[in-house]
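Here are my notes on the model you sent.

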Amino acid sequence: MSFPEEPLNLSPASGGPGYFVATIGQKLNKDKYEIIRKLGYGPRSSTWLVWCEYDDAYFSVKIYTVAESKRAEEIELPILRSVKNLSSTLPLPWYQDSFWETGYHGSHFCIVTNPLSTTVEALRLEEEAKKLPVHVVQRIIYCTTLALEGLHSAEIMHGAVNAGNIYFATGTQADVLRPQLEEEEEPLTIPIGNFEAVESQPIKHSLRGWKHKKAIVSEWPLYLLNLGHAQRSTYKPESSWDYASAPETISQNPSCSLQTDIWQLGALTFKILTGSNLPGFVDEDEGLNLIHAALVTSLHKDDVSAASGFIKDCLRADPSNRLTAKEALRHTWLSKANACSCGYC
C-alpha cells in the first residue's frame, strides 16, 4: 500500500516506524520553535521548517521516527557535531540544536540545522531527458566534492552521495525568507488513516537562467546533506543500503571506506550527465568502455573525453586506485566548474 505522505498511522506497537504527528503552528522544544511547513520526509524522519522567535530566524528540524530516534542520537548527532568543528565555509549541514519531543507514538529525537531549498534530483527530474548540462553538473560535483574533502579530512564517510541529498541553499533570516513564504500557497493536509498529514512543501529557490548563464551556475550555493548513513574511522557497510553497487560493498567479504564515497561520486556524475544509472558489469575495462559509449551518446563530442576521464578515475574497481576527494577537486574536468567561457556572461 502506498501513501501520499509519511504513514502516520503505522505505530511502533504494530511494527511501524512511528512518525511524528505534527500540525502547522505547533510549538516544539518548550515553545522555542514554531512549525511553519513540512519540507519533506524519508524512511527515517520528517523534516520541518520552523521559526525561532528569539533569533527571528528560520531553521530546519529533522524529527526522527520513534524507531530511528535512538540511533540518530547515538550515531548521527556525534558526526554532526564533528562536522561543526570543520570549516564553516564547507557546503555541509550546520548543526544548531537537538532535543527530544513527545508525540502521539512516543518520543522523537530532533536535530536542528540550517534550512535548505530543493534538491538536485528535483532539478534533474524537471528536465525532459532527465539529465543536466555539463556546466551544471560540474558545479554540482564541485560542491559535492568540496563537502567530501572536508568530511574525509575528519575521517568521516558520507555513505549516501546522490542527487537526492544535494540541496540548494536558502535564506534563514526572517526579513529574507518571510516575504517569500507569504507569497506561496498555504500548506495543505492529506488524510492518512485517522490523522491529517501535512503535505510536503520544499522552499523554492530563485536561481534561474542556468541553461545559458554559466556565471550564474558557478555561484550556485549547493550543500551535501543527510549524514544518516555516515560513519567515522571504523567503516562497515549497512546490509540494507545501496552504495551505488560499489564493488567492495557487494563482494564476498563486504567493506567500505572513504573511497566508497568516490565511487558514489562517479555514479552520481554519470547519472546526472546521462539520465541513466551505471550499466551493470563485472569486468572493469568492459564497464569503463560502456560508460564512455554512453557519454558519447549523451554529450557533445568536445565534452566527452574530460568527463569520461573523471568518471573512470572515480569508478576504479580497486578503491585504492580511485581519486581521493582532494585529487578530484584538482581534476581538469572539475577545475572548469567555476570558470566562465560560455560567451553569455
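1. A nonpolar core is here a set of buried Ala, Val, Leu, Ile, Met, Phe, Trp, Tyr and Cys residues joined through side-chain atoms within 4.5 Å. The model is a predicted one. Its largest nonpolar core has 63 residues. The residues with the most contacts inside this core are Ile 140, Ile 141, Leu 273, Phe 310 and Trp 333. Helix α3 (residues 134–153) supplies the largest share of the core, nine residues.

2. Which residues does Ile 141 touch, leaving aside those up to four places away in sequence? The list is Leu 265, Leu 268, Thr 269, Ile 272, Phe 310, Trp 333 and Leu 334. Two of these, Phe 310 and Trp 333, are also named among the residues with the most contacts inside the largest core.

3. There is a second, separate core of 16 residues. Trp 48, Val 50, Ala 57 and Phe 99 are among its members.

4. Two packed helices are described by the angle between their axes and the distance between the axes. For helix α7 (residues 284–298) and helix α8 (residues 301–314), the axes come within 10 Å and cross at roughly 145°. The crossing of α7 and α8 is right-handed. On the α7 side the contact is made by Leu 288, Ile 291, His 292, Leu 295 and Val 296; on the α8 side it is made by Val 304, Ala 307, Ser 308, Ile 311 and Lys 312. Sorted by type, the residues of this contact are seven nonpolar, two polar and one charged.

5. Strands β5 (residues 97–103) and β6 (residues 106–113) run antiparallel and are joined by seven bridges. The link from β5 to β6 is a hairpin of two residues. Asp 97 stands opposite Val 112 in β6.

6. Most residues other than glycine have a negative phi. Asn 29 has a positive phi, near 50°, and is found in the loop between β1 (27–28) and β2 (33–41). Is Asn 29 buried or exposed? Its relative accessible area is 19%, and the cut-off for buried is under 20%, so Asn 29 counts as buried.

7. Asp 56 is not a glycine either, and its phi is positive at about 50°. Asp 56 lies in the loop between β3 (45–52) and β4 (57–64).

Conventions
Residues are numbered from 1 along each chain as its sequence is written. This is a predicted model: local features need pLDDT of at least 70, side-chain atom pairs count only at pLDDT 80 or more; totals for chains, interfaces and linings use all residues. Side-chain values use heavy atoms; hydrogens and water are left out. Axes are lines fitted to C-alpha atoms, for helices over the stretch in contact, and angles run from 0 to 180 degrees between N-to-C directions. Helices (H or I, at least four residues) and strands (E, at least two) are DSSP runs, numbered from the N terminus. A crossing is left-handed if the near helix is turned anticlockwise from the far one by less than a right angle, and right-handed if clockwise. Contact means heavy atoms within 4.5 Å. Ala, Val, Leu, Ile, Met, Phe, Trp, Tyr, Cys and Pro count as nonpolar, Asp, Glu, Lys and Arg as charged, and the others, Gly among them, as polar. Buried means under 20% relative accessible area, exposed over 50%, partly exposed in between (1.4 Å probe, protein chains only). Two strands pair if DSSP finds at least two bridges between them.
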